[in-house]
Amino acid sequence: PADLAETMERNFTLPATLAEFAYLTGRSLSKFKRDFERVFQFPPSRWLREKRLDYAHRLLSTTDMNVSEVCLESGFENFSHFSRSFKDFYGTK
């Protein structure tokens with residue numbers, strides 16, 4: 001199997017499902033989830049959400065990209081989900 005941490009750090013902006021991330025790392029979905037929590041101490045869905053939101057925050061702060069561009073660039077496919085998640089996580093839009 002591929003190195004889990006390296007693969008996830010390199011590909012977290014892909015709008016992929018957990019099953020697709022498991023495939024990228026050469027693991028079954030259940031093995032991926034177990035290994036992921038051992039490596040990152042977080043469930044994969046939570047880690048992905050927070051990693052993408054942090055990246056989106058950095059893009060909004062350091063680039064001229066608009067919110068829609070940042071949404072897609074950071075791995076979110078649905079703008080309203082991104083907006084709601086960002087507001088919940090940071091307390092702002």
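Reader: Before I look closely, what should I know about the model and its numbering?

Author: Residues are numbered from 1 along each chain as its sequence is written, and side-chain values use heavy atoms, with hydrogens and water left out. The model is predicted, and local features need pLDDT of at least 70, while side-chain atom pairs count only at pLDDT 80 or more and totals for chains, interfaces and linings use all residues.

Reader: Okay, how many salt bridges does a search of the whole structure find?

Author: The search finds 7 salt bridges, where a salt bridge is a side-chain nitrogen of Lys or Arg within 4 Å of a carboxyl oxygen of Asp or Glu. One of them joins the side chains of Glu-6 and Arg-10, with 2.8 Å from N to O.

Reader: Where do Glu-6 and Arg-10 sit relative to each other in the helix?

Author: They are 4 residues apart in helix H1 (residues 4-11), which means that about one helical turn separates them. Helices here are DSSP runs (H or I, at least four residues), as strands are (E, at least two), and they are numbered from the N terminus.

Reader: And is Arg-10 buried or exposed?

Author: Arg-10 counts as exposed at 52% relative accessibility, whereas Glu-6, at 47%, counts as partly exposed. Buried means under 20% relative accessible area, exposed means over 50%, and partly exposed lies in between, using a 1.4 Å probe and protein chains only.

Reader: Which residues are linked in a network of salt bridges?

Author: The network links Arg-27, Lys-31, Asp-35 and Arg-38. Within it, the side chains of Lys-31 and Asp-35 meet at 3.0 Å, N to O, and those of Asp-35 and Arg-38 meet at 3.5 Å. Lys-31 and Asp-35 lie 4 residues apart in helix H3 (residues 29-40), about one turn of the helix, and Asp-35 and Arg-38 lie 3 residues apart in H3, also about one turn.

Reader: Changing topic, how much space lies in the largest pocket?

Author: About 190 Å³ lies in the largest pocket. On a 1 Å grid over the protein atoms alone, a pocket is an open set of points where a 1.4 Å probe fits, with protein on both sides within 12 Å along at least five of seven lines, and lining residues have an atom within 4 Å of a point. Grid points are joined across faces, edges and corners, and the volume is the space filled by probe spheres set on the points.

Reader: Which helix gives the most to the lining of that pocket?

Author: Helix H4 (residues 44-62) gives the most, with 4 residues. Residues of the lining include Pro-15, Ala-16, Arg-49, Arg-52, Phe-76 and His-81, and by class the lining has 5 nonpolar, 4 polar and 3 charged residues. Nonpolar covers Ala, Val, Leu, Ile, Met, Phe, Trp, Tyr, Cys and Pro, charged covers Asp, Glu, Lys and Arg, and polar covers the others, Gly among them.

Reader: Which residues of H6 are buried?

Author: The buried residues of H6 are Phe-82, Ser-83, Ser-85 and Phe-86, and what covers them includes H4 and helix H5 (67-73). Ser-85 has 6% relative accessibility and, apart from neighbours within four places in sequence, is in contact with Arg-49 and Leu-53.

Reader: Last one, which residue takes a positive phi just after H6?

Author: Gly-91 does, with a phi of about 80°. Gln-41 also has a positive phi, near 60°, and is a residue other than glycine. Gln-41 lies in the loop between H3 and H4 and is exposed, with a relative accessible area of 60%.

Conventions:
Contact means heavy atoms within 4.5 Å.
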